[in-house]
Amino acid sequence: MESCAEYGDIKPLSVAILDLLVASKTVLPTLLSLISLTLKDFTEDENTLMRKDSILSSLLSSYALTIVEPEYKYLQSTIGPLVLEVCQKAEKEKEVGIGVGTQAEQEATLAMAGRFQKAIFSSPDSVPFPIRVLAARIKNEAMEKGFDGVVGRLLGGFILLRVVCSAIINPVSFMGSDFKHGMKAQSALVLMSKLMQNLSNKTMPRSENMNFTHEFLKNHTLQVEDFLLRTASFSDKYARESNPSVDTLKHEQSLSTIYKFTSANAHEMLIHFQR
């Protein structure tokens, strides 16, 4: 399916679509069908599925942050206190903040990364039910498609890149519009987000000044993959039927038509929504 990255920011478009789905009370079933449709038709590098800007990835991110989070307050309870602490320390000149320069800064970075890692990856059961439902669909459809070797990366792209890491670098999205922080705090949050992405991707930072993080990343990679697979491993009432009903087939066919039209005409639609 065509990516919309070249058309610019597709968030206004995804928010508008999400608002329509919420109003019709069909948001979660529709997102599940959209995941099935996307994976069924996907012909590009599977590693990019949740990492490229598309209607699907944008909708999932918007749904998690604007619909699920206000109800479950998952991010507020897991990473909220840590984000607040990082921002407060970054603004105090006498505090040793997160960074990569001095040994003290590196030690502070590893200590905080360990706390983020523990808060995020310790309990799959703490992940909100709707997120787990969507993750289970991604896992099941990916395995059917033959993407077994990258299931962890797909789940990490959704849960971590599109939800958790997105929230870390944009804390207003879950801490409220009154939350304020400066440039130093933002740099520290971006560093934490990158380390969590490295854990999810099983990659090491390329920059030499980040070599001090390699041992930490190697020691926790397996725990992260286990967390992602356990988060997506459960039966739910939205599991796809082996013999879909006529209504279900008509719903998926209609969704397919809308999705293909949206992807093909994203540029014109974006111009309309940005007026």
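The legends below describe close-up views of a predicted model. In this predicted model, local features need pLDDT of at least 70 and side-chain atom pairs count only at pLDDT 80 or more, while totals for chains, interfaces and linings use all residues. Residues are numbered from 1 along each chain as its sequence is written, and side-chain values use heavy atoms, with hydrogens and water left out.

**View 1. Helix H8 and its bend at Leu160.** Helix H8 spans residues 151-169 and bends by about 35° at Leu160, the bend at a residue being the angle between axes fitted to the seven residues ending there and the seven starting there. Helices are DSSP runs (H or I, at least four residues) numbered from the N terminus. Of the 19 residues in H8, 15 are buried, and the helix is mostly covered; buried stands for under 20% relative accessible area, computed with a 1.4 Å probe on protein chains only.

**View 2. The crossing of H3 and H8.** Helix H3 (residues 55-72) and H8 have axes that come within 10 Å and cross at roughly 50°, where axes are lines fitted to C-alpha atoms over the stretch in contact and angles run from 0 to 180 degrees between N-to-C directions. The two helices, H3 and H8, are therefore oblique to each other, a term for angles that are not under 35 degrees (roughly parallel), over 145 (roughly antiparallel) or 65 to 115 (roughly perpendicular). The crossing of H3 past H8 is right-handed, that is, the near helix is turned clockwise from the far one by less than a right angle. Ser57, Leu60, Ser61, Ala64 and Leu65 in H3 are in contact with Phe158, Arg162, Val163, Ser166 and Ala167 in H8, contact meaning heavy atoms within 4.5 Å.

**View 3. The packing of H2 and H7.** Helix H2 (residues 27-41) packs with helix H7 (residues 129-145) at an angle of about 20°, and their axes are 9 Å apart. This angle makes H2 roughly parallel to H7, and the crossing of H2 past H7 is right-handed. Among the H2 residues that meet H7 are Leu28, Leu31 and Leu32, and the H7 residues that meet H2 include Pro130, Val133 and Leu134.

**View 4. Thr231 in helix H11.** Thr231 lies in H11 (residues 214-231) and, at 0% relative accessibility, counts as buried. Not counting residues up to four places away in sequence, Thr231 touches Pro124, Val127, Arg132 and Ile159.

**View 5. Cys87 and Cys165.** Cys87 counts as buried at 5% relative accessibility, and Cys165 is buried with a relative accessible area of 1%. The structure holds zero disulfides, a disulfide being a pair of cysteine sulfur atoms within 2.5 Å.

Definitions and conventions. Buried means under 20% relative accessible area, exposed over 50%, partly exposed in between (1.4 Å probe, protein chains only).
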